[in-house]
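Trainee: I'd like a close look at one part of this model, and then how that part sits in the rest of the chain.

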Amino acid sequence: MRLAELSERSGVSTATIKYYLREGLLPPGRRVNATTADYDEEHLRRLRLVRALIQVGGIPVARAREVLSHIDDDSLGRTIRLGAALWALPQDPEPDEEDPDVVAARAEVDRLLETLGWETSREMAPLSPVHRSLVVAVAALRRLGYPWDAELMAPYARLMHQVASRQLDFMETYDSLKEQVEMAVASAVLFEPVLRALHRLAQEEESARRYGIE
């Protein structure tokens with residue numbers, strides 16, 4: 001397809017597509033002549049992902065480029081490739097390791113992972129921005145007087161493991177490894193708000209069942 005058709009099918013203006021091409025977010029098309037290039041379904045799929053990252057997720061162009069570089073890195077195995085792409089998404093800043101609430105939160109998170117038997121998560125903890133985000137969140141709860149510990153978090157963690165399993169099952173319905181990682185990244189940006197909304201709807205429903213509507 002030509003640039004105009006790519007724009008029409010993706011809903012992204014030609015000017016924006018040209019910008020993404022210049023920034024290396026979209027691979028160049030197959031050159032037809034000096035002024036024309038041809039694009040295919042892979043370009044359309046990547047363009048939709050870029051749009052999700054930047055326009056929906058609000059991710060800066062430089063960070064989006066880093067995420068995409070991991071998706072395209074054929075030298076990485078499936079787990080490392082997926083993890084690298086997800087870790088490149090915006091994360092929480094480093095916590096103050098001298099903060100007593102951070103120290104206590106880290107201990108509870110570590111105890112949680114040990115209880116669950118999540119050995120990979122324990123091994124990757126010093127490097128993992130996801131682990132850091134959980135520590136920051138638990139520390140904030142403790143600071144506000146909500147002493148979340150491993151026992152309280154464990155049932156939620158097990159439920160999220162089921163969610164993760166279902167997501168990976170769906171991811172594996174895509175043919176190529178690149179498509180699978182693209183889908184996982186898109187889900188991190190687009191599906192997590194769905195989970196949050198479902199959680200709140202479930203709270204509303206359970207509250208009405210328990211206490212009625214007054």
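Trainee: In which helix is L134 found?

Mentor: L134 is in helix α8, where helices (H or I, at least four residues) and strands (E, at least two) are DSSP runs numbered from the N terminus. Before we dig in: this is a predicted model, with local features needing pLDDT of at least 70, side-chain atom pairs counting only at pLDDT 80 or more, and totals for chains, interfaces and linings using all residues. Residues are numbered from 1 along each chain as its sequence is written, and side-chain values use heavy atoms, leaving out hydrogens and water.

So, the helix: α8 covers residues 129-143, and S133 sits in it too. These sequence neighbours land in separate accessibility classes. L134 counts as partly exposed because its relative accessibility is 33%, while S133 is buried because its relative accessible area is 17%; the cut-offs are under 20% for buried, over 50% for exposed and partly exposed in between (1.4 Å probe, protein chains only).

Now look at who they touch, leaving out residues up to four places away in sequence. L134 meets V109, L112 and M153, and S133 meets Q91 and D92, with a contact meaning heavy atoms within 4.5 Å. As for distance, go from L134 to H70: they are 64 residues apart in sequence, and their C-alpha atoms are 23 Å apart in space.

H70 also brings us to an annotation. In an unreviewed UniProt entry, residues 1-70 carry the label "domain: HTH merR-type"; positions follow the numbering used here, feature names are shortened, and such annotations may be inferred rather than shown by experiment. Over that stretch the chain is 61% helix and 6% strand, and the C-alpha atoms at its ends are 26 Å apart.

Next, the packing. The largest nonpolar core has 34 residues, and L53 and V185 touch the most other members; a core here is a set of buried Ala, Val, Leu, Ile, Met, Phe, Trp, Tyr and Cys residues joined through side-chain atoms within 4.5 Å. Two or more residues come from each of α1 (3-10), α2 (14-22), α3 (41-56), α4 (61-71), α5 (78-87) and α10 (177-211). The biggest giver is α10, with seven residues. If you click on V185, you'll find L49, L53, V67, I71, A85, L86 and L89 in contact with it, setting aside neighbours within four places in sequence. Apart from this core lies another one, of 13 residues, including A105, L116, A154 and A157.

While we're on α10, L198 lies in that helix as well. It counts as partly exposed because its relative accessibility is 48%.

Finally, zoom out. The chain has 10 helices and two strands, and along the sequence they run α-α-β-β-α-α-α-α-α-α-α-α. The C-alpha trace spans about 65 × 45 × 30 Å along its principal axes. Of the 214 residues, 32% count as buried, S133 being one that is buried. Take the contacts with a separation of 6 or more: 62% of them are between residues 24 or more positions apart.
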